[in-house]
Amino acid sequence: MASFLISGCFPGVHKIDIPQGNVVTQDMIDQLRPGMTHSQVRFIMGTPLITDTFSDNRWDYLYSFQKGGSQREQERITLYFTQGQLTRFSGDFRPTAATPSE
């Protein structure tokens, strides 16, 4: 019985939640406006997970979450800039106000 308990093979084993990436909320998306600068967007959204090293015109925010051994869920949003100003975005979020989207 002791070896059974020590091995950890018993019901009720706790599996941890695994969050990765940038947490993005609908409130953050609703604050985005056309013409915002890189620094204004970074203030709202945080530092992007992926930036193009050759061009600063596209920022990608990715977030995945796996709750205790269940199926992994993933969300993404891509922001596009023209001449240093936000022009549009695409991904898993939709604006609830008048904001740029694809």
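Colleagues, a word on the source. This is a predicted model, in which local features need pLDDT of at least 70 and side-chain atom pairs count only at pLDDT 80 or more, while totals for chains, interfaces and linings use all residues. Residues are numbered from 1 along each chain as its sequence is written, and side-chain values use heavy atoms, leaving out hydrogens and water.

The pLDDT, the predictor's confidence in each residue from 0 to 100, has a mean of 79 over the chain, and 77% of residues reach 70 or more. Confidence is lowest in helix α1 (residues 2-7), at a mean of 56, and highest in helix α3 (residues 38-45), at 94. Helices (H or I, at least four residues) and strands (E, at least two) are DSSP runs, numbered from the N terminus.

I return to arginine 58. Its side chain meets that of aspartate 60 in a salt bridge, at 3.0 Å from N to O; the term requires a side-chain nitrogen of Lys or Arg within 4 Å of a carboxyl oxygen of Asp or Glu. Aspartate 60 is buried, at 12% relative accessibility.

Finally, helix α3. His38, Val41, Ile44 and Met45 are buried there. The face turned away carries the exposed Ser39 and Phe43.

Conventions
Buried < 20%, exposed > 50% of the residue type's maximum accessible area, 1.4 Å probe, protein only.
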